[in-house]
Amino acid sequence: MNSLKSYIGKIIEVEISSKKTIVGKLVELGSDLIVLFNGQQYVYLPLVHLLSVKSGESTDTEYIIEETAPFEGTQLSLKQILKNASGIFVELFLTGNHTVHGYIQNVQEDYIVFDSPAFKTMYIPVAHLKWLIPYLNQTPYQIKTGQQINSSGESFAQTFEEQMKKSLGKIVLFDLGKDSEKIGILNGVENVLVELVKGNGKTIYLNMAHLKSMHEGK
């Protein structure tokens, strides 16, 4: 971490583990994340997903900061930022083209409960969160204030594995349902394996450690 301090206030180019590159001004360093200003938004990036960091070639004039960073003065750790972002419209990038917009409802031991206008209630393991972008004074999809998703008052398990077990016997979609192999009736959760019965009646076993999100079919 000390080696990155020399980049504070400078333009850097960051490559993350999903082969995406972000260029911006390094604003802050935390215990397990960094904060970049990309010219429009503040981007919170967990250190564990950084593949490389190097000096950027852009000029400072492209990254003029007009507002202070959200959560300024907060202890800069991923868990604390997730808690402070609860109730604020955020963008979460998981992997590939898996980006979701909505509101963090709960921060549990190893996952978050996420309210999405598109996917309703989602469960997202923190380990797969590549970035978080808060959008202050905005709502997702231009939904009017007051029409946002409200907390149901439901209680949630402390771990992602235990929360999945609450959906046994129901149709679930993993990784936003972009892969038909990850849609089906959740038939079992044991150790690292998830048993799923697909639409054609065949059973597939998925490795829980590689599942980036889950939500129930409606």
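**From values to terms**

Mentor: Let us begin with Asn-187, which has a relative accessible area of 44% and is partly exposed. Please bear in mind that this is a predicted model.

Trainee: Why is Asn-187 called partly exposed?

Mentor: Buried requires under 20% relative accessible area and exposed requires over 50%. The value for Asn-187 is 44%, which lies in between, and therefore the residue is partly exposed. Asn-187 is found in strand 12, residues 183-190.

Trainee: Which residues is Asn-187 in contact with, leaving aside its neighbours within four places in sequence?

Mentor: They are Leu-168, Glu-195 and Val-197. As for Glu-91, 96 residues apart from Asn-187 along the chain, the C-alpha atoms of the two are separated by 31 Å.

Trainee: What makes Ser-77 count as buried?

Mentor: Its relative accessibility is 11%. Ser-77 lies in the loop between strand 5 (50-55) and helix 1 (78-84). Not counting residues up to four places away in sequence, Ser-77 touches Ser-31, Asp-32 and Leu-33.

Trainee: How do you know that both faces of strand 10 are covered?

Mentor: In strand 10, residues 131-134, Trp-131 and Ile-133 are on one side, while Leu-132 and Pro-134 are on the other, and all are buried. In a regular strand the side chains alternate between the two faces of the sheet.

Trainee: What makes strand 6 and strand 10 a pair?

Mentor: Pairing requires at least two bridges, and 4 bridges join these antiparallel strands, so strand 6 and strand 10 pair. Val-90 stands opposite Pro-134 in strand 10.

Trainee: Which residues touch the most other members of the largest nonpolar core?

Mentor: Of its 28 residues, they are Tyr-44, Leu-82, Leu-92, Ile-104, Ile-112 and Phe-114. Elements giving two or more residues to this core include helix 1, strand 6 (89-95) and strand 8 (111-116). Leaving aside neighbours within four places in sequence, Phe-114 has contacts that include Val-90, Leu-92, Ile-104 and Met-122. In soluble globular proteins, nonpolar side chains tend to be buried together.

Trainee: How is the lining of the largest pocket divided by class?

Mentor: It has 6 nonpolar, 5 polar and 2 charged residues. This pocket holds about 270 Å³ of space. Of its 13 lining residues, Gln-40, Gln-41, Tyr-42, Glu-67 and Leu-136 lie nearest the centre.

Terms used: Residues numbered from 1 in each chain as written. Predicted model: local features only at pLDDT ≥ 70, side-chain atom pairs only at ≥ 80, totals over all residues. Heavy atoms only, no water. 1 Å grid on protein atoms, 1.4 Å probe; cavity = no way out; pocket = protein on both sides within 12 Å on 5 of 7 lines; lining within 4 Å. Points joined across faces, edges and corners; volume = space filled by probe spheres on them. Nonpolar A, V, L, I, M, F, W, Y, C, P; charged D, E, K, R; others polar. Buried < 20%, exposed > 50% of the residue type's maximum accessible area, 1.4 Å probe, protein only. Contact = heavy atoms within 4.5 Å. Core = buried A, V, L, I, M, F, W, Y, C linked by side-chain atoms within 4.5 Å.
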